[in-house]
Structures are given as C-alpha cells and as structure tokens.
Amino acid sequence: MEPIDYKTIKESVITEQEIQKSKFITYLAPVQTEAEAKEYLRAIKKEHPKATHHCSAYVVGEIERSNDDGEPSSSAGLPMLQVLRGNKMNYVIAVVVRYYGGILLGVGGLIRAYGSSVSLGIQEAEVLVPQRVFLFRVSFPYEFTNDVEVYAGSVGTVMERQYDTLAVYDVRVLSPDALDKLSDVTRGMGHKELIQESIELIKEVS
C-alpha cells in the first residue's frame, strides 16, 4: 500500500522575528485550494498595507507557487517554498510580511531571513500527518461478546454496537489486517467486512 507522505498544519499561526532592524512577520495557514491560498494572501496584504514586502509560498496538492514581491529574484519566495518542501508540507501557505528597517541584508541575508521565518512558523504550528483509517463491520455469536470486546479494543476502537440475531460491531482500526485474528477469537464463527476506508489527519508524534 502506497504511503501518504506529506504533512500539514491544524490551524494558522503567526510568528515574528527582527533581523537587522527589519521586522519579519510570518503567517502560516492551512489551505485546501489555490484559490483559498490566493484569497489568504490578499487578506494579509490588506491587513498590512504599509509593509515593504508581502512574500509568499504555498503548496496545494501538486501545485507549488512562490513570489518575491519586490525582493531580489529568488531571495524570498523560493527559500520559503524550499522550507515547506523540506518539511514535507502540503496544503499550506506561508506569507512573510517585511517592514524594512533601513539596513540592507544582501541576497544571502534575505534567503536566511525568509527561510528561517517559515521554519519558525512551522515550529510553532501543530503539525498533522495523514493516516489511513479502516472501518470494519464484524459479526459474531453473543457468546463471544466479552472476548471480541477485549480484542477489538486492543487493536482499534469500537464505534458502534448492534444486537440482533448476531452481535454486530463497527470497529475503527489503522491497519487493514488489524482484525485478522477475529476468527481465532470467535472459533471461526466471526466475520468481518470492510465498509469504509478514509484518510484522517492526526497530530504528528515527534
């Protein structure tokens, strides 16, 4: 099964740092579409109409964009984008608002300033990772209720219980083979059926 290899953030964060009297304010936000990313950038520009620059970078699915907004070419937007890439970020926009403080940083200094600003934002954000989730419906004779309850709880979470001719549990697990020992637990009289497969974002465990 192909892994889902990206990260995103739960909610927007704002960080700030001062470098050589210039103020760099970083806005990091989750976005689902390019249109949403563009709208977010417009909102930040409106919030800071007197800022010297509003540099940006975002990754939305296969779409990657960056903008230097008047800074020397590839000194702002590209290093911001590289930080997003390096952290495997997706469905995220970074906007760094700069208020010029009167001291020129040079291209190398700008690259470090904009890159470190995005890194700082990611450090402060709650990072989420996608996780495949499987929902199985398991049915079994009542006599195995206690055994199945213990077993299902050890490998996943029982989301719903129904009692008819047989006991029927909906069990949420993180692996498609998590319930493979159901037959052993129920002496061959239990059955399972995959009824839903989805992707959920869960907090990254460092």
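Reader: Which strands does helix α1 lie across, and how does it run relative to β4?
Author: In this predicted model, helix α1, residues 34-47, lies across β3, β4 (53-60), β5 and β6, and it runs at about 160 degrees to β4. Helices here are DSSP runs of H or I with at least four residues, strands are runs of E with at least two, and both are numbered from the N terminus. Axes are lines fitted to C-alpha atoms, for helices over the stretch in contact, with angles from 0 to 180 degrees between N-to-C directions.

Reader: And what about the sheet itself, what is the strand order?
Author: The sheet is open and has 5 strands in the order β2-β3-β6-β4-β5, with antiparallel pairing, where a pair requires at least two bridges found by DSSP. At the edges are β2 (13-19) and β5 (63-67), each of which pairs on one side only. On average, neighbouring strands of this sheet are turned by 15 degrees against each other, direction ignored.

Reader: How many bridges join β3 to β6?
Author: There are 8 bridges between strand β3 (residues 22-30) and strand β6 (residues 92-99), and the two run antiparallel. As one example, L28 has A94 in β6 as its bridge partner.

Reader: Which strands does α3 touch?
Author: Helix α3 (residues 106-124) packs on the sheet and touches β2, β3, β4 and β6, contact being heavy atoms within 4.5 Å. The direction of α3 makes about 145 degrees with that of β2.

Reader: Switching to helix pairs, at what angle do α2 and α3 pack?
Author: Helix α2 (residues 77-86) packs with α3 at an angle of about 35 degrees, and their axes are 8 Å apart. The contact involves P79, M80, V83 and L84 of α2, together with I111, Y114, G115, V118, S119 and I122 of α3.

Reader: How do those residues divide into nonpolar, polar and charged?
Author: They divide into 8 nonpolar, 2 polar and no charged, with Ala, Val, Leu, Ile, Met, Phe, Trp, Tyr, Cys and Pro counted as nonpolar, Asp, Glu, Lys and Arg as charged, and the others, Gly among them, as polar.

Reader: Zooming out, what box do the C-alpha atoms fill?
Author: Taken along the principal axes, the box is roughly 80 × 25 × 25 Å. The secondary structure of the chain comes to 5 helices and 10 strands.

Note on methods
Residues are numbered from 1 along each chain as its sequence is written. This is a predicted model: local features need pLDDT of at least 70, side-chain atom pairs count only at pLDDT 80 or more; totals for chains, interfaces and linings use all residues. Side-chain values use heavy atoms; hydrogens and water are left out.
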